Amino acid sequence: MKIRIFQVLILLVAVLVIAEDFCIIGNMGDPVGPPLFDVLHGMESYAYLVKPSEECSSQEEVFELLKLYMLLDFFVEQVPVNFTCRAGFLKAVEVQPGQFVPDEQIYSSPPTTFFVPQPGITMIEIGTPEFAELIMDDEYFIVIHFETPFEGNIPIDNLPESGVAYRNDGSGWVDMDTFGRSASGKIIAWGDIVCSPAGASSVEPDPPVSWGFVKSLFK
């Protein structure tokens with residue numbers, strides 16, 4: 001226990017040291033109620049609207065994405081399971097004032113394969129090597145592309161909102177708030193970014209600690 005507490009303290013010190021440069025974008029809320037089931041079948045993509053300049057306190061001009069995360073859930077009969085996915089980053093197009101939809105792909109990561117042996121909620125984490133810097137003052141979508149067929153469920157928060165979370169099963173992006181779920185909420189997906197002056201980023205592909213990892217220590 002003493003060793004674990006010491007490790008947590010070291011991680012927190014590391015976070016405090018880099019806090020001015022690192023930030024979380026997306027939805028890192030807690031799952032509430034039952035997950036969405038009969039929705040996640042693989043061979044589909046999920047996108048979440050992000051606005052780095054509004055979600056981060058940094059005054060820097062550009063950022064780079066380090067990792068993407070998403071919560072999934074599995075029933076007993078759905079495990080063990082293997083699946084492959086990629087992290088992506090998309091432009092957001094404003095179709096009417098304050099309303100955005102996913103558009104052109106900016107970045108796609110190498111594929112990552114996961115193995116889930118036990119039922120319940122699990123967090124997937126996908127690295128984003130060679131992500132080129134983007135301007136902070138714009139809107140984007142983080143996206144997880146599931147590239148193999150499998151069966152799972154999607155944890156959600158209790159804050160429904162239109163024009164934020166989208167699903168694409170190959171026939172185009174659909175606002176998940178139109179799924180007849182007025183009493184439920186949004187998918188839980190987020191990304192770690194590092195902010196810097198334009199042209200001055202010195203991000204390493206694998207930072208010493210991520211905000212998502214630190215939070216998971218206290219679950």
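Me: Is Phe83 buried or exposed?

Reply: This is a predicted model, in which local features need pLDDT of at least 70 and side-chain atom pairs count only at pLDDT 80 or more, while totals for chains, interfaces and linings use all residues. Residues are numbered from 1 along each chain as its sequence is written, and side-chain values use heavy atoms, without hydrogens or water. Buried means under 20% relative accessible area, exposed over 50% and partly exposed in between, with a 1.4 Å probe and protein chains only. Like Phe146, Phe83 is buried.

Me: Which class of aromatic pair do Phe83 and Phe146 form?

Reply: Rings of Phe, Tyr and Trp (its six-membered ring) pair if their centres lie within 6.5 Å; planes under 30 degrees apart count as stacked, over 60 as edge-to-face and the rest as tilted. For Phe83 and Phe146 the centres are 6.1 Å apart and the planes make an angle of 55°, so by this rule the pair is tilted.

Me: How many residues apart in sequence are the parts that this pair ties together?

Reply: Strands (E, at least two residues) and helices (H or I, at least four) are DSSP runs, numbered from the N terminus. Phe83 lies in strand S4 (residues 81-96) and Phe146 in strand S9 (residues 140-154), so the parts tied together are apart in sequence by 63 residues.

Me: Why does Asn168 count as buried?

Reply: Asn168 belongs to strand S10 (residues 165-168). Asn168 counts as buried because its relative accessibility is 16%.

Me: Which residue has its backbone nitrogen 2.8 Å from a polar atom of the Asn168 side chain?

Reply: A polar contact is a pair of N or O atoms within 3.5 Å; within protein, one must be able to donate a hydrogen and the other to accept it, and residues adjacent in sequence count only if both atoms are side-chain atoms. The backbone nitrogen of Ser171 lies 3.4 Å from a polar atom of the Asn168 side chain. At 2.8 Å, the residue is Gly170.

Me: What is the C-alpha separation of Leu65 and Ile25?

Reply: Leu65 is in strand S3 (residues 62-74), and its relative accessibility of 2% makes it count as buried. Beyond its neighbours within four places in sequence, Leu65 is in contact (heavy atoms within 4.5 Å) with residues including Phe89, Phe131 and Ile193. Leu65 and Ile25 are 40 residues apart along the chain, and their C-alpha atoms are separated by 9.5 Å.
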